[in-house]
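Subject: Structure handover

Hello,

Here is the structure you will be working from. My notes on it come after the display.

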Amino acid sequence: MTQKNIPWYMNAVFYEVHIRAYCDSNNDGIGDIPGLISKLDYIKNLGVDCIWILPSYPSPLKDDGYDIADYYGVHPDYGTLEDLQRLINEAHQRGLRIITDLVLNHTSDQHPWFQQSRSDPNSKYRDYYVWSETDKKYQDARIIFLDTEKSNWAFDEKAGLYFWHRFYTTQPDLNYDNPAVIEEMRQVMKFWLDMGIDGFRADAVPYLIEREGTNCENLPETHRILKDFRSYLDKNYKGKILLAEANQWPQDVLPYFGDEDEFHMGFHFPVMPRIFMALGKGDASPIHWIMAQTPTIPDYTQWCIFLRNHDELTLEMVTEEERQWMWEQYAPDPRMRLNLGIRRRLAPLLDNDLRKIMLANALLFSLPGAPIVYYGDEIGMGDNIWLFDRNGVRTPMQWDESDNAGFSSAEADELYAPVIDSNEFSYKTVNVAVQEKDPHSLLNQVRRLIEVRKAHPIFALGEYEFLAKEHTQCLSILRTHTNEQVLCLLNLTDMDQNLSLDLSKYAGKELVDLMTGKSQGVIAETTTFFQLDPFGFQWLFIK
């Protein structure tokens with residue numbers, strides 16, 4: 001893969017935005033599309049390549065928009081289809097791409113398809129969902145939302161039947177054994193791609209098909225359907241992408257890349273809790289371990305990696321002992337826990353310690369893949385554990401120290417959620433305007449990190465090798481791509497660390513700090529010594 005023919009997503013940095021939470025243009029207390037448009041220059045200046053917007057479709061909002069009532073519209077809270085078209089156009093004018101959620105697995109129970117499905121047994125829509133006279137089928141499928149759901153089946157009085165749902169009861173699963181459903185989704189894709197959207201994050205893809213005697217996840221029939229969607233995309237929309245949300249082990253995500261004929265990208269979920277484990281223990285072993293479980297993926301496919309997002313920090317793919325340890329360390333108050341995870345933002349998880357926050361970002365950026373930054377984490381926003389469900393990590397973006405953090409001119413009690421206005425995370429001190437003025441702020445350091453990573457595709461595309469694995473207080477990674485090498489050294493502890501590495505095959509070459517541009521000396525014939533500050537890191541280009 002030469003520098004010239006690298007697809008855009010391979011070396012991209014993504015920025016995840018919740019429209020509701022970002023900027024309110026009409027002062028009704030809810031963020032909207034015109035508000036997001038007004039902040040595109042800020043996003044461009046952050047240095048990212050692509051904005052991922054959470055669902056903006058019409059919805060009763062029982063699951064923050066993932067319960068879709070109309071795949072072809074925009075929720076009136078957010079604006080109009082014309083607004084969304086303008087957002088796409090304005091983003092493209094700035095060289096930014098936009099992907100949005102494609103919720104394949106289920107709809108809202110308010111969707112007209114479901115309403116007709118439950119009301120009329122002779123309707124073509126009856127077969128759009130998974131109905132049964134018994135709730136005893138597919139007993140080997142796990143319940144995902146353990147805190148709220150007792151079964152994957154729910155009884156519908158009107159239909160006199162049970163319907164299947166892998167998520168909330170208000171989100172009935174679509175029936176992908178029906179070719180008409182596949183065709184409907186193809187038409188949905190066409191609609192948005194024709195508007196100029198750059199791709200889709202496909203939500204909850206492992207669950208499309210149900211089969212007796214299986215756990216109803218990752219089934220071959222599911223992959224056949226997804227390959228069909230990819231084939232449609234490749235045939236008609238060059239340069240557009242599909243990103244898989246498959247909350248699975250890396251080995252189980254591998255088939256979602258197919259033979260470069262399924263997904264372009266897939267989330268790497270279990271690397272994320274292990275970054276927090278490594279930081280919490282001052283021990284690189286969890287990173288060594290999870291990367292050893294990570295298979296090689298096909299050319300022209302890419303992992304998506306992240307520290308936090310709009311959901312809870314999932315602990316599904318850790319041992320019971322590790323989960324208890326993570327909860328004790330990072331969620332000591334039971335209100336901080338949700339399902340099998342932790343509903344907190346990045347800065348509170350890391351004690352609002354600038355060194356730790358930058359180290360976590362640098363660690364993420366040192367690994368292969370395309371990183372995602374969650375809105376507000378670039379300024380170190382806090383969370384509100386008193387809000388329902390995952391809403392505590394979806395509070396209004398903090399722009400400045402004016403009322404409502406500059407998010408909205410509505411009365412405070414009219415906001416969709418309160419701004420964070422107490423303790424060390426108050427918008428009066430944690431906001432974009434303050435950090436813009438401070439060259440050493442988190443915002444400006446994150447910008448620099450993104451700038452450096454973008455300038456060196458080796459981070460996204462290069463091979464990696466862990467060095468000095470026995471020195472577990474530090475994570476040492478040698479990245480290699482074509483004829484370039486970068487050494488990533490990260491101190492996971494709160495103490496100075498002295499590190500000695502055998503880099504003799506590069507003896508005589510200069511080490512240049514990519515963050516500062518300064519020379520760090522020459523590699524020795526035998527052992528080269530490094531000193532790392534507490535929670536410090538160095539990205540060293542071998543010149």
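Below are notes on salt bridges, a charged patch and a hairpin.

This is a predicted model, in which local features need pLDDT of at least 70 and side-chain atom pairs count only at pLDDT 80 or more, while totals for chains, interfaces and linings use all residues. Residues are numbered from 1 along each chain as its sequence is written, and side-chain values use heavy atoms, with hydrogens and water left out.

Salt bridges: the whole structure has 35 (a side-chain nitrogen of Lys or Arg within 4 Å of a carboxyl oxygen of Asp or Glu). One of them joins R211 to D177, with 2.9 Å between the closest N and O atoms. These two residues sit in separate loops, 34 residues apart. R211 is partly exposed at 26% relative accessibility (buried is under 20% relative accessible area, exposed over 50%, partly exposed in between, with a 1.4 Å probe and protein chains only). D177 is also partly exposed, at 42%.

K356 and D351 form another salt bridge, at 2.6 Å from N to O. K356 is buried at 16% relative accessibility, whereas D351 is exposed at 52%. Shared partners link D63, D64, D311, E312, R390 and R394 into one salt-bridge network.

E510 has V522 as its bridge partner in β20. Five residues lie between the strands, and G517 has a positive phi near 80°.

Regards

Technical notes
Pairing = 2+ DSSP bridges. Helix = DSSP H or I, 4+ residues; strand = E, 2+ residues; numbered from the N terminus.
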